[in-house]
Amino acid sequence: MNKPLVGAFLAALLLGAGAAPVVAAEPAQQAQAQETAPKAVPEAKAVTFAGTVALSNCSGSVVRSPDSAPTDPALVLSNGHCLESGFPGPGEVVVDQPSSRTFTLLNASGDGVGTLKASKIAYGTMTDTDLSLYETTSTYQQIEDSYGIQALELETAHPAAGTAITVASGYWKRTYSCDIDGFVHQLKEGRWTWKDSVRYTPECQTIGGTSGSPVIDDATGKVVAVNNTGNESGQECTDNNPCEVDENGEVTVREGINYAQQTYNMVPCIGAGSKIDLNREGCGLPKP
């Protein structure tokens with residue numbers, strides 16, 4: 001797992017250098033460029049920190065399904081291994097457990113603008129996937145009215161390889177940009193096994209504290225996965241060193257590569273009033 005509260009000093013050193021200044025073109029050059037340049041293709045809107053949250057030890061985000069109503073309680077998405085109760089064991093599913101956990105809500109530039117409070121752990125597991133959903137005491141409308149921040153929308157379809165993505169960490173106030181390299185039949189780490197995991201291209205070098213960060217499709221701005229782990233030292237299938245297992249049982253170790261868990265299959269589980277109903281049609285989350 002991308003362990004919480006690990007590597008703070010290293011992360012500070014890795015906060016990248018600024019880009020070189022751009023020199024403006026002369027007026028004649030500008031006119032010529034306007035005449036000869038092909039028509040620009042609109043670019044995807046840049047991913048910001050708006051809607052992300054910082055937990056005490058992890059990252060997360062305020063999310064909604066396409067059918068969520070403004071008056072529904074807001075949901076916060078993070079990892080199952082970020083639960084305040086500790087790592088759920090293999091086969092363990094946590095539902096409707098009281099919680100008073102707090103989350104620092106961030107604006108687009110990464111500034112903390114308010115505190116959200118959980119009313120319960122609506123769902124949490126590390127079986128087949130690694131995610132948690134907290135129900136908060138605030139509605140989506142209340143958050144927007146108070147802070148001008150909208151929840152991130154969850155994608156309803158399986159993402160595609162090659163998709164440009166951004167991992168936005170509310171804990172570190174740092175983003176990581178790369179592509180979806182592919183998908184892993186089974187990702188094994190210690191006692192846990194996750195299915196159909198997202199594998200990043202090498203550019204996304206996530207670190208401890210980025211656990212629970214939303215993985216955002218750059219083109220749509222929608223959440224397609226939740227960041228959760230990476231192979232740190234090349235070991236095979238051990239804690240903090242997940243391995244890939246294909247359909248034939250062959251094991252592959254990719255040192256330095258990081259992973260996430262898809263979220264499209266949890267969207268059908270979110271019913272009216274943000275209630276998690278594991279019996280709803282299309283719900284792909286494990287049951288207790």
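Predicted model: local features only at pLDDT ≥ 70, side-chain atom pairs only at ≥ 80, totals over all residues.
Colleague: Okay, disulfides. How many does the structure have?

Modeller: General idea to begin with: a disulfide is a covalent bond between the sulfur atoms of two cysteines. Here the rule is a pair of cysteine sulfur atoms within 2.5 Å. Searching the whole structure turns up 4 disulfides. Count the bonded cysteines along the chain and the pattern reads 1-2, 3-4, 5-6, 7-8.

Colleague: Which cysteine does Cys178 pair with, and is that link left-handed or right-handed?

Modeller: Cys178 pairs with Cys204, with 2.1 Å between the sulfur atoms. The torsion about their S-S bond is about -100°, so this disulfide is left-handed. As for location, Cys178 sits in strand S10 (residues 174-189) and Cys204 in the loop between strand S11 (192-200) and strand S12 (214-217), so the pair ties together parts that are 26 residues apart in sequence. The labels come from DSSP runs numbered from the N terminus: helices are H or I with at least four residues, strands are E with at least two.

Colleague: And the link of Cys237 and Cys243, what's its handedness?

Modeller: That one is right-handed, with 95° about the S-S bond. The sulfur atoms of Cys237 and Cys243 are 1.9 Å apart.

Colleague: Where is Cys283, and is it buried or exposed?

Modeller: Cys283 is in the segment after strand S16 (258-262). Its relative accessibility is 16%, so Cys283 counts as buried. A disulfide joins Cys283 to Cys269, S to S 1.9 Å. Those two cysteines are 14 residues apart, both in the segment after S16.

Colleague: What else does Cys283 touch?

Modeller: Contact means heavy atoms within 4.5 Å. Leaving out residues up to four places away in sequence, Cys283 touches Asn265, Pro268, Cys269, Asp277 and Leu278.

Colleague: Now salt bridges. How many are there?

Modeller: The rule is a side-chain nitrogen of Lys or Arg within 4 Å of a carboxyl oxygen of Asp or Glu. By that rule the count is 10. Take Asp96 and Lys120: their closest N and O atoms are 3.0 Å apart. Asp96 is in strand S4 and Lys120 in strand S6, so to speak distant parts of the chain, 24 residues apart.

Colleague: What about Lys275 and Glu135?

Modeller: They form a salt bridge too, with the closest N and O atoms 3.6 Å apart. Lys275 is in the segment after S16 and Glu135 in strand S7, 140 residues apart. Lys275 is partly exposed at 42%, while Glu135 is buried at 7%.

Colleague: And Glu244 with Arg254?

Modeller: Their side chains meet in a salt bridge at 2.8 Å, N to O. Glu244 lies in strand S14 (residues 243-245) and Arg254 in the loop between strand S15 (251-252) and S16, so the pair ties together parts that are 10 residues apart in sequence. Glu244 is buried at 7%, and Arg254 is partly exposed at 31%. Through shared partners, salt bridges join Asp96, Lys120, Glu135 and Lys275 into one network.

Colleague: Last one: how many residues are in the largest nonpolar core?

Modeller: In soluble globular proteins, nonpolar side chains tend to be buried together. A nonpolar core here is a set of buried Ala, Val, Leu, Ile, Met, Phe, Trp, Tyr and Cys residues joined through side-chain atoms within 4.5 Å. The largest has 41 residues, and Val62 and Leu77 have the most contacts inside it. Its largest share, 5 residues, comes from S6. A second, separate core has 14 residues, including Cys178 and Val198.

Terms used:
Residues numbered from 1 in each chain as written. Heavy atoms only, no water. Buried < 20%, exposed > 50% of the residue type's maximum accessible area, 1.4 Å probe, protein only.
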